[in-house]
Amino acid sequence: MYSIAFKNVVASRRTAWRSLCNAEIKAENEHNEFHIKIVKDYKQTIKKELLDLYQDALSTLDRLLSAPGISYKSKFFYIIMKGDIYNYLVEISDGESKIQMLDKSLELYRAAIFMPEFTSTNVDRLSLGLRISLKLFDMSRKEEACALAKEVFDLAILELDKLSDDSFKEVVVLLELLKNNINEWNGAAKVNT
């Protein structure tokens, strides 16, 4: 519930931020100093609003994560949400700050993927591993993407025989997607070298 409410609150501001970034580029291309100033001023307003919302959410998540008796499923969800927020911070950051936010988001996602409470064949874990490896690949961090996908795949294969019939099909589909990506990325790496 908290995640949905948070995403609804920030969605319009994130959309406004992206629109303003496009408007700024257009104004710069047109050498329109008046529009550049207006857009930059408004971008600062939106950025401050987003930073405040993100900081509040991160503080709330830290409190939730430190609550006694938190279930491992809730912990997994909250860690992913923190990773998502740091990922959102990447959008409004630049320079070294952008790199730090990206690295923090990836660190949180990895922490969730490799939580010891989950079996290696857990569907949520495999889905997140697939999602983050694709994100890394799209960011041209191909070796890191391949290593993560391979690690998630290899650990799951070791426990495949322990699966119940309920999750077997879904796990196999995720493993096939991971394997296809690993093979494709390794092929792309060989072609590119």
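Before anything else, a word on terms: when I call a residue buried, I mean that its relative accessible area is under 20%, whereas exposed means over 50% and partly exposed covers what lies in between. Please also keep in mind that what we are looking at is a predicted model.

Let me start with helix α1, which runs over residues 2-29 and reaches 41 Å from its first C-alpha to its last, close to the 40 Å expected for it. Along the way, α1 bends by about 35 degrees at V10, and V10 is also one of its buried residues, the others being S3, F6, R14, W17, L20, E24 and A27. Helices α2 and α3 are among the parts that cover these buried residues. Just after α1 ends, H31 takes a positive phi of about 55 degrees.

Now, which residues form salt bridges with E24? One is K40, with the closest N and O atoms 3.8 Å apart, and because K40 lies in helix α2 while E24 lies in helix α1, this pair ties together parts that are 16 residues apart in sequence. The other is K43, whose side chain meets that of E24 at 2.5 Å, N to O; K43 also sits in helix α2, 19 residues from E24. E24 counts as buried because its relative accessibility is 11%, and K43, at 12%, is buried as well, whereas K40, at 39%, counts as partly exposed.

Turning to helix α6, K150 and D154 lie four residues apart, about one turn of the helix, and their side chains meet in a salt bridge of 2.7 Å, N to O. K150 is partly exposed at 41%, and D154 is partly exposed at 33%.

Note on methods. Residues numbered from 1 in each chain as written. Predicted model: local features only at pLDDT ≥ 70, side-chain atom pairs only at ≥ 80, totals over all residues. Heavy atoms only, no water. Helix = DSSP H or I, 4+ residues; strand = E, 2+ residues; numbered from the N terminus. Expected span 1.5 Å × (residues − 1). Bend = angle between axes of the 7 residues up to and from the residue. Buried < 20%, exposed > 50% of the residue type's maximum accessible area, 1.4 Å probe, protein only. Contact = heavy atoms within 4.5 Å. Salt bridge = Lys/Arg side-chain N within 4 Å of Asp/Glu carboxyl O.
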